[in-house]
Amino acid sequence: MTPDAPTTIAPGVEALPLRTPTLPPATHTNVYLLGTGDFVLVEPASPYPEEIDRAVLWVEQRQQRGDRLRAIVATHHHPDHIGGATALAQRLGAPLWGHAATIDRLVGSVVFDRAIADGAVIALDGEVPLRLRAVHTPGHAPGHLCFYDEVSRAMIAGDMVASVGSILVETIDGDMAQYLASLARMDALEPSVLLPAHGAPIHAAHEKLIGYIAHRLLRESKVLAALRVDSRPRPVAALVPQAYDDTPPHIWPLAALAAEAHLVKLAHDGLAEHTPEGWRALGS
Ligand SMILES: [Zn+2]
């Protein structure tokens, strides 16, 4: 069940899932309002007019209480996270902020007002003051930002982790080595809770983050094992049935994208190489 009304997760942290064109089994993206008094909207997610109306109404109810919307903030450039950005910025009269690499990806489609760099702090005054530190976490998308509240240690996690569905890391937007490093960086901040874009809050943050890292490393070992079965170069799709033998075949086209990201990392690590005929293992 997806709630129709915003939920309060913690003082100064409210969430409203909006229907978005996202990757199944997820169907919604959480929009967060952070702060009491001064507040920001994170994840201007949905492109659908009726969902944008819900977000506008939600913000206007806060403004009618005297709260002040400081900015609309994007975690990354994917359509299920940015689809409502232009409409919300215009209708709410608020500036749009995101990482420089996110802004680069959206040149010509979305106009941003400010780039947020790693380490920047958004200080929000109010009954429950928040200090949101931007944490650059590339790997799923080049400009991906998490936001870590230095007061409560809650972390907006965007698409780095999910409690519904899984995170796709592929080679067009993503980088497996960077993704693993970003997960470790998030874990080092010892967040009290992870607030993902898809699904419910994750209170066992450390277990989730180290679980994700372990899962990807296990998959990497399975990709390498599949590669080593045959010394001849082979296309990625030929490796997937073995490397993803624990997943249903209907997800193998997506799995092939993730497998390629693993292969690029294995090549960087000196364990695989890409030839005109496909991928092959190096060493033993
Ligand atoms: Zn994404």
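Me: Which residues does alanine 45 touch, not counting residues up to four places away in sequence?

Reply: Leaving out residues up to four places away in sequence, alanine 45 touches Thr20, Thr29, Val31, Pro79, Asp80, His81, Ile82, Gly83 and Gly84, where contact means heavy atoms within 4.5 Å. This is a predicted model, in which local features need pLDDT of at least 70 and side-chain atom pairs count only at pLDDT 80 or more, while totals for chains, interfaces and linings use all residues. Residues are numbered from 1 along each chain as its sequence is written, and side-chain values use heavy atoms, with hydrogens and water left out.

Me: Why is alanine 45 called buried?

Reply: Its relative accessible area is 0%, and buried means under 20%, exposed over 50% and partly exposed in between (1.4 Å probe, protein chains only), so alanine 45 counts as buried. Alanine 45 sits in the loop between E4 and H1; helices (H or I, at least four residues) and strands (E, at least two) are DSSP runs, numbered from the N terminus.

Me: How do you know which atoms are the protein donors of the zinc ion?

Reply: Donors are N, O and S atoms within 2.8 Å of the metal (3.2 Å for Na, K and Ca), and water is not among the atoms, so sites may look incomplete. His76 (NE2), His78 (ND1), His140 (NE2) and Asp159 (OD) lie 2.1 to 2.2 Å from the zinc ion, and are therefore its protein donors. Histidine 78 and aspartate 159 link distant parts of the chain, 81 residues apart. Both are buried, at 12% for histidine 78 and 5% for aspartate 159.

Me: Why is the arrangement around the zinc ion called irregular?

Reply: The 4 donor atoms subtend angles of 93 to 168 degrees. Four donors count as tetrahedral if all angles lie between 85 and 135 degrees; four count as square planar and six as octahedral if opposite donors are over 155 degrees apart and all others between 65 and 115; anything else is irregular.

Me: What makes up the contact of H1 with H3?

Reply: Ile52, Asp53, Ala55, Val56 and Val59 in H1 meet Ala87, Leu88, Arg91 and Leu92 in H3. They divide into 7 nonpolar, no polar and 2 charged, where Ala, Val, Leu, Ile, Met, Phe, Trp, Tyr, Cys and Pro count as nonpolar, Asp, Glu, Lys and Arg as charged, and the others, Gly among them, as polar.

Me: Which peptide bond is cis?

Reply: The bond from proline 24 to proline 25 is cis, with omega near 5 degrees. Proline 25 is in the loop between strand E2 (13-19) and strand E3 (28-34).
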